[in-house]
Amino acid sequence: MTTDEVFMKKAIELAALAVEHGNEPFGAVLVKDGEAVYTNENQIYTATDPTFHAEAGLIRRFCKETGITDLSDYTLYSSCEPCFMCCGAMVWVKLGRLVYGASDRDLCEILGEQGNDCAELVFERSHWRPEVTAGVMREESICVLRDYFSGHQKG
């Protein structure tokens, strides 16, 4: 198992935990120097905050708790491609690298919607562009999304 797969597996596990905790299936892991330094799961329902996505929530809490606002030495692993809002947050904290499993297009196909290339669209137009690796453990990520959204509506 590659390093990316190890941390993506954790992000997918967090996505499944988010469902167990009453939220949507999205998880994120922040890594520096080969060690997970912070994790978060989607909390839009339990926090009564539609912006509390796994990634944005992770960034908000990590920065507040550590005082670190420059994440250029960090990699964020996300079970699904981050939305426009979360990608914007990654620009503002100068995230070094983003790794995700399922794409927004994969998610939207499950939802019967048309998806976007969120990361590409935000990063190519921004002053900061994290390195992006897409599709790590994609099928496993899609499985968690499909299991949840086959019985629930989005948001």
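Colleague: Hi! Quick one to start: what relative accessible area does D117 have?

Modeller: D117 has a relative accessible area of 30%, so it is partly exposed. Buried means under 20%, exposed over 50%, and partly exposed is in between, using a 1.4 Å probe and protein chains only. This is a predicted model, where local features need pLDDT of at least 70 and side-chain atom pairs count only at pLDDT 80 or more, while totals for chains, interfaces and linings use all residues. Residues are numbered from 1 along each chain as its sequence is written, and side-chain values use heavy atoms, with hydrogens and water left out.

Colleague: Thanks! Which side chain does D117 meet in a salt bridge?

Modeller: That would be R105, with 3.0 Å from N to O. A salt bridge here is a side-chain nitrogen of Lys or Arg within 4 Å of a carboxyl oxygen of Asp or Glu. R105 is in helix α4 (residues 104-111) and D117 is in the loop between α4 and α5 (118-123), so the pair ties together parts that are 12 residues apart in sequence. Helices (H or I, at least four residues) and strands (E, at least two) are DSSP runs, numbered from the N terminus.

Colleague: And what about R105, how accessible is that one?

Modeller: R105 is partly exposed, with a relative accessible area of 40%.

Colleague: How many salt bridges are there?

Modeller: The count comes to 9. Among them, D4 pairs with R97, with the closest N and O atoms 2.7 Å apart. That pair links distant parts of the chain, 93 residues apart: D4 is in helix α1 (residues 3-20) and R97 is in strand β4 (residues 97-102).

Colleague: Which residues are linked with D4 in a network of salt bridges?

Modeller: R97 and E131 are linked with D4 in that network. Between R97 and E131 the closest N and O atoms are 3.5 Å apart, and E131 sits in strand β5 (residues 131-134).

Colleague: New topic! How many residues does the largest nonpolar core have?

Modeller: It has 29 residues, and those with the most contacts inside it are L30, L76, L95, L98 and F123. A nonpolar core is a set of buried Ala, Val, Leu, Ile, Met, Phe, Trp, Tyr and Cys residues joined through side-chain atoms within 4.5 Å. The largest share, 5 residues, comes from α2. In soluble globular proteins, nonpolar side chains tend to be buried together.

Colleague: What is L30 in contact with?

Modeller: Leaving aside neighbours within four places in sequence, the contacts of L30 (heavy atoms within 4.5 Å) include L58, F62, Y74, L76 and L95.

Colleague: Last topic, the rings. How many aromatic pairs does the structure hold?

Modeller: It holds 5. Rings of Phe, Tyr and Trp (its six-membered ring) pair if their centres lie within 6.5 Å; planes under 30 degrees apart count as stacked, over 60 as edge-to-face and the rest as tilted. F7 and Y77 have ring centres 5.4 Å apart and planes at 40 degrees, so that pair is tilted.

Colleague: What about the rings of F62 and Y74?

Modeller: Their centres are 5.5 Å apart and their planes are at 65 degrees, so that pair is edge-to-face. F62 is buried at 4% relative accessible area, and Y74 is buried at 6%.
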